[in-house]
Amino acid sequence: MTNDWKTRTKLVHDGIRRSQYGEMAEAIFLTQGFAYPSAEAAEQRFIKAGSDEFIYARYGNPTVRMFEDRIAALEGTEAAFACASGMAAVNGALTSMLRAGDHVVSSRALFGSCLYILEEVLTRYGVNVTFVDGADLDQWRAAVTPATKAVFFESMSNPTLELVDIRSVSEIAHAVGAIVIVDNVFATPIFSRAVDQGADVIVYSTTKHIDGQGRALGGVICGRVEFIRKTVETYMKHTGGSMSPFTAWMHLNGMATLDLRCRAMAESALTVAKALEGDARLSRVIFPGLASHPQHGLAMEQMGSGGTLVAFDIKGGKEAAFRFMNALQIATISNNLGDAKTIATHPATTTHQRLAPEMKDKLGITPGLIRLSVGLEDAGDLIADLKQALDHV
């Protein structure tokens, strides 16, 4: 496939594989295994499978490979490996390359399950982990050493929307030969420029914007062919974290509208953030697309957009936040994001509830903080819903 296509064309056509029937829609190959024309052919395939040959669904599948090729083309990487969930992708990207005695530097502001992998799983097997404030480049410089094998961070943190300077951290990491692994969920593949900015490995929870309909769990690891096919694939196919063909098929269908959805959501998010900014019932509104965001310039340089999520702090703490959420009529209370439906989340009691109170304070996850994933509803309707719900605080 050509690399000269624009984003929307790639999202519709890249990676396509057609059977002998010439179907227009992407085919779903719901099969566990594959038949061989001879015993000799089976032997040869187990020695070295061709680029369009498959052995077992845990190792690879034509529908899954279509998705992998399409997301790699979109992200600008040589290859990708599709996983059963976003956390399978995070775990696979890190665990497949690390061993006892290795050192990892990570930003402190992470999703709770990512923290668990770094704090509990990797350290259990002898990997040394150092946490830093992601926005503080001096802390990155001080933490990275010649023993550092990888750095890991969310390009935009969950849930307080703090950015990490991908280009600068990549330069710091590469100076000692470390691999840069970026969880890029909040940036989305549409606004991401992480590869151009120095990232080596990009991880997504495809459950979010890529599926976009709240239907299926999935994840993907994007990177160089050698890393994906030798390091990641070897680990994932033996530990069982690969994506199902049905999920890949749903994701392929979702990708056709990914650019349109993300841009519409981001536009609405900016409109919502502007409408909320200055509301006396809120102590702060956090959105990188607002000039008031301390990293607004970095967001525009790194993403060209403020993204699809808005966070805001309701005065009155948890009780007021709960009254607000219970009064919502359009936005739905849930803990997903990137959905076509607008979702309101109270991180302190859900996604980040396992964090110690002092860590929540350090990360700015206050009792009144709401994370709003803006969907595809009319922005005016959303603003009216948010305003009426604020009347209940």
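This is a predicted model: local features need pLDDT of at least 70, side-chain atom pairs count only at pLDDT 80 or more; totals for chains, interfaces and linings use all residues.
**Helices, sheets and spaces: a short talk**

Residues are numbered from 1 along each chain as its sequence is written, and side-chain values use heavy atoms, with hydrogens and water left out.

Back to the helices. Two packed helices are described by the angle between their axes and the distance between the axes. For H4 and H9 the angle is about 115 degrees and the axes are 9 Å apart, where axes are lines fitted to C-alpha atoms, for helices over the stretch in contact, and angles run from 0 to 180 degrees between N-to-C directions.

A second pair is H3 with helix H10, residues 245–255, whose axes come within 8 Å and cross at roughly 40 degrees. That angle makes H3 oblique to H10, and the crossing of these two helices is left-handed.

Now to the sheets. Strands of a sheet pair through backbone hydrogen bonds, either parallel or antiparallel. In this model, seven strands form an open sheet with mixed pairing, in the order S1-S7-S6-S5-S4-S2-S3, and two strands count as paired if DSSP finds at least two bridges between them. Strand S1 (79–83) and strand S3 (128–132) are at the edges and have a single partner strand each, so one side of each is left without a neighbour in the sheet. From one strand to the next, the twist averages 20 degrees. Inside this sheet, strand S4 (residues 148–154) and strand S5 (residues 179–183) run parallel and are joined by five bridges; alanine 150, for example, has isoleucine 179 in S5 as its bridge partner.

Another open sheet, also mixed in its pairing, has five strands in the order S8-S9-S12-S11-S10. Its edge strands, which pair on one side only, are S8 (282–286) and S10 (332–333). Strand S8 runs antiparallel to S9 (residues 309–314), with four bridges between them, and isoleucine 286 has alanine 311 in S9 as its bridge partner.

What lies in the loop between S4 and helix H7 (166–174)? Proline 159 has its place there, and a cis peptide bond, with omega about 10 degrees, joins asparagine 158 to proline 159. Leucine 161 is in that loop as well, and its phi is near 55 degrees, a positive value in a residue other than glycine.

Finally, the spaces. Rolling a probe the size of a water molecule over the atoms shows where empty space is left. The search uses a 1 Å grid over the protein atoms alone: a cavity is a set of points where a 1.4 Å probe fits but cannot get out, a pocket is an open set with protein on both sides within 12 Å along at least five of seven lines, and lining residues have an atom within 4 Å of a point. Grid points are joined across faces, edges and corners, and a volume is the space filled by probe spheres set on the points.

The largest pocket holds about 510 Å³ of space. It is lined by 18 residues, and Lys48, Ala49, Gly50, Glu233 and Lys237 are the closest to its centre. Helix H2 (39–47) and helix H9 (225–239) are the elements that each give two or more residues to this lining, and H9 gives the most, with four residues.

The second largest pocket has about 400 Å³ and 24 lining residues, with Met87, Phe111, Asn158, Ser205 and Lys208 nearest its centre. Here the elements giving two or more residues are helix H4 (86–95) and strand S6 (201–205).

How many cavities of 30 Å³ or more does the search find? There are four in the whole structure, and the largest cavity holds about 60 Å³. Helix H3 (62–75), S1 and H9 each give two or more residues to the lining of the largest cavity, and H3 has the largest share, three residues.

Note on methods:
Angles under 35 degrees count as roughly parallel, over 145 as roughly antiparallel, 65 to 115 as roughly perpendicular and the rest as oblique. A crossing is left-handed if the near helix is turned anticlockwise from the far one by less than a right angle, and right-handed if clockwise.
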